[in-house]
Amino acid sequence: MDIDDILAEALHVSAPQETLDLQELTRAWVAERVAPELLPYPDALMERVLTRIRRQIETVEEQTGNMDPKTNFKLIVIQTELERFKFLVRSFLRARVAKIDKYPLHVQQNSAEYLSPSESQYLTAHQNLLASHYQSSFLSQFPNSLQKLDDTQGGISMIDAPDPDTAVFCRALRDVGEINVVGTDRAFEMKRGDVRVVRWSAIREKVLAGDIELV
Amino acid sequence: MALPLPPGLTPPEIAFLCEMELVTVIPRQRLEGLDLLGGRTPPLHPPQRANLPLWLALLLKRQRRANILPPPWLSPPALAAILELESTAHAAAPPRLPLAPPGILPISPPFLPSSTADAPRDALPYHWLELGEILLEAASDDFEDPDAVRRLMRDLREVRMANMRKGVEVFDAQGGLSMTGFGGMEVAEGRAFIGGVIDGLRKIGAARERSGDGDQDDQDNGFPSTADDYDDEMDM
């Protein structure tokens with residue numbers, strides 16, 4: 001460990017929780033926007049961020065009546081930042097909903113544990129609505145064997161799934177050593193700070209572990 | 001409700017990220033520290049310098065409450081030196097800042113202090129293009145020679161784009177193309193093309209592999225593959 005490491009660690013430890021949360025939320029947002037499949041919902045982080053946003057809105061509401069120009073300017077700054085945070089949270093959730101809408105059955109079967117309570121409620125309710133609508137409008141008139149919406153027989157699956165081999169851009173946050181691309185004989189080393197275009201399936205585990213981030 | 005955008009960050013989103021970069025300002029007015037959602041801002045006492053996120057610095061600048069100090073790498077001599085290096089070192093990765101060492105949660109751009117007044121002058125940070133453009137547009141009066149900076153930025157961008165295009169020659173579907181050294185906006189620009197080509201090559205490769213396997217099976221069974229076989233495959 002050299003002097004830079006020690007300094008950086010000191011810098012890191014001294015950063016307040018709020019700043020760390022902003023960094024984590026930003027990273028989660030970028031990852032969700034880039035990754036082809038749904039990623040785990042960061043429960044604790046979202047809880048903290050949403051509580052803080054709620055409190056900040058209350059502060060703004062309390063001080064809006066104050067006409068003192070100095071307080072007024074402070075409010076402008078606070079509100080600008082509030083809007084930026086709200087954009088981050090909203091874009092993050094919308095990116096997740098887009099994936100849930102695109103691969104509803106796949107998410108239900110394979111990554112149900114990645115959903116937040118309200119997302120899983122949305123998914124179930126939406127799927128039930130769709131199923132009953134299809135059933136009443138045309139499916140009931142089909143032969144029994146053709147009524148399924150999630151048929152995987154006959155070589156072609158009806159369940160749309162994201163392509164795990166999609167190329168993604170990623171950056172190593174730590175020295176992660178050798179990465180083997182599954183299905184090929186290709187392997188390469190990734191050092192801290194390296195940016196590469198790789199198949200999502202090859203780095204998925206490392207991204208979830210926080211050793212690699214998507215860009 | 002769902003986001004209608006395809007995967008991958010768009011340029012406005014990259015610019016949004018870039019606005020989280022720290023820059024150094026020289027305040028003209030006092031302002032106490034504010035408890036923001038992303039942490040407390042340092043109190044501003046003119047003429048002491050302070051490091052603020054870019055969005056806040058721009059807000060203060062627009063209201064003429066502060067001046068922004070351009071980062072050292074955004075000065076004409078520094079840019080000229082980097083340009084010189086990039087044009088001579090063919091297709092080599094440009095000099096970049098090392099990432100912060102591992103911690104509980106390693107810091108990465110845009111949270112590295114790579115564009116403050118005491119940032120290194122011989123390396124471009126990840127958000128160099130966006131940051132340079134934003135500063136030139138919003139705070140050109142804080143530069144000594146904004147036109148020279150603008151000209152050098154444009155040259156640098158062209159040289160780097162040419163370097164990126166050279167990298168395209170080593171494309172293949174299997175591995176990983178190294179993009180180390182390219183900035184956020186450059187990655188966003190190349191994303192659709194590079195990602196599309198790699199995915200396309202992979203699909204062609206997969207199809208070839210599959211038909212190759214098919215031949216193998218046919219031979220194992222003692223049946224040569226015929227044109228009919230291909231027709232069958234197409235039907236499926």
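A polar contact is a pair of N or O atoms within 3.5 Å; within protein, one atom must be able to donate a hydrogen and the other to accept it. The model shown is predicted.

**View 1. The interface of chain A and chain B.** Contact is made between 65 residues of chain A and 61 residues of chain B. The two chains bury about 5,800 Å² between them, with 63% of this area on carbon and sulfur atoms. On the side of chain A, the residues that lose the most area to chain B are A:Arg33, A:Phe73 and A:Arg84, together 14% of what that side buries.

View 2. Across the interface of chain A and chain B, 15 residue pairs are in polar contact, both residues being at pLDDT 80 or more. The side of chain A that touches chain B draws two or more residues from each of several elements, including α1 (3-14), α2 (17-34) and β1 (167-172). With 18 residues, α4(A) gives the most to this side, whose residues comprise 31 nonpolar, 10 polar and 24 charged. Salt bridges between the two chains number 4; A:Asp163 and B:Arg202 meet through their side chains in a salt bridge at 3.0 Å, N to O.

**View 3. The two domains of chain A.** Chain A is assigned domain 1 (3-159) and domain 2 (163-215), whose C-alpha centres lie 24 Å apart. Each domain gives 10 residues to the contact. About 870 Å² is buried between the domains, 65% of it from carbon and sulfur atoms. A:Arg27, A:Val34 and A:Pro36 supply 48% of the area that domain 1 buries against domain 2.

Key
Residues are numbered from 1 along each chain as its sequence is written. Chains are lettered from A and ligands numbered from 1 in the order in which they are written. This is a predicted model: local features need pLDDT of at least 70, side-chain atom pairs count only at pLDDT 80 or more; totals for chains, interfaces and linings use all residues. Side-chain values use heavy atoms; hydrogens and water are left out. Contact means heavy atoms within 4.5 Å. Buried area is the accessible area (1.4 Å probe) that two parts lose on being put together, summed over both. A polar contact is a pair of N or O atoms within 3.5 Å; within protein, one must be able to donate a hydrogen and the other to accept it, and residues adjacent in sequence count only if both atoms are side-chain atoms. Helices (H or I, at least four residues) and strands (E, at least two) are DSSP runs, numbered from the N terminus. Ala, Val, Leu, Ile, Met, Phe, Trp, Tyr, Cys and Pro count as nonpolar, Asp, Glu, Lys and Arg as charged, and the others, Gly among them, as polar. Domain bounds come from an automatic or database domain assignment.
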